[in-house]
Amino acid sequence: MTDYYQVLGIASGASEKEIKAAYRKLAKEYHPDVVGNDPLKKQRMYEIQEAYGVLGDPEKRADYDQKRQDAFQPKEKANVKETSGPVPDRSAFERFFGFQPGKGMETYQNQKKEDPAGAMKPEERFASFFQHIR
């Protein structure tokens, strides 16, 4: 979520007058007639206009502030759904790709001896993938 207060360089408790003053100052600095063909400064002007469009309207600002507050508050445990049930068998995945999901290649990195249940050899991988075609 874009922080419109940061875009305009003002505090979240800024008054309507402060918001308008910050917008006017930035609009003069980043106006297309001033920046010419600089695409980064033109993009910055679009961000400034968007921020002022939200913060300059009391209703939009109230909605934005509520969404901003909701985004930064921790979720309550009651809203979190916990799933229970069988854990999926990922051994085939681990053998096929040679690592455990979420762990990357570190799964087999420190093993000194050959693990028979470790990663599949390329020939086995190819054969298992194309075994149904005959």
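This is a predicted model: local features need pLDDT of at least 70, side-chain atom pairs count only at pLDDT 80 or more; totals for chains, interfaces and linings use all residues.
Residues are numbered from 1 along each chain as its sequence is written, and side-chain values use heavy atoms, leaving out hydrogens and water.

Visitor: How many helices are there in the protein?
Guide: Helices are DSSP runs (H or I, at least four residues), and strands are E runs of at least two, numbered from the N terminus. The protein has zero strands. Its helices number eight.

Visitor: Are α4 and α5 roughly parallel or roughly perpendicular?
Guide: The axes, lines fitted to C-alpha atoms over the stretch in contact, cross at roughly 100 degrees. Angles run from 0 to 180 degrees between N-to-C directions. Under 35 degrees counts as roughly parallel, over 145 as roughly antiparallel, 65 to 115 as roughly perpendicular and the rest as oblique. Therefore α4 and α5 are roughly perpendicular.

Visitor: Which residues in α5 meet G53, V54 and L55 in α4?
Guide: Contact means heavy atoms within 4.5 Å. On the α5 side, the residues are K60, R61 and Y64.

Visitor: Is R61 buried or exposed?
Guide: R61 sits in helix α5. Buried means under 20% relative accessible area, exposed over 50%, partly exposed in between (1.4 Å probe, protein chains only). R61 has 13% relative accessibility, so R61 counts as buried.

Visitor: Which residue's backbone oxygen does the side chain of R61 reach at 2.8 Å?
Guide: R61 touches several residues beyond four places away in sequence, including Y5, S12 and I19. The backbone oxygen at 2.8 Å from its side chain belongs to A14.

How values were computed. A polar contact is a pair of N or O atoms within 3.5 Å; within protein, one must be able to donate a hydrogen and the other to accept it, and residues adjacent in sequence count only if both atoms are side-chain atoms.
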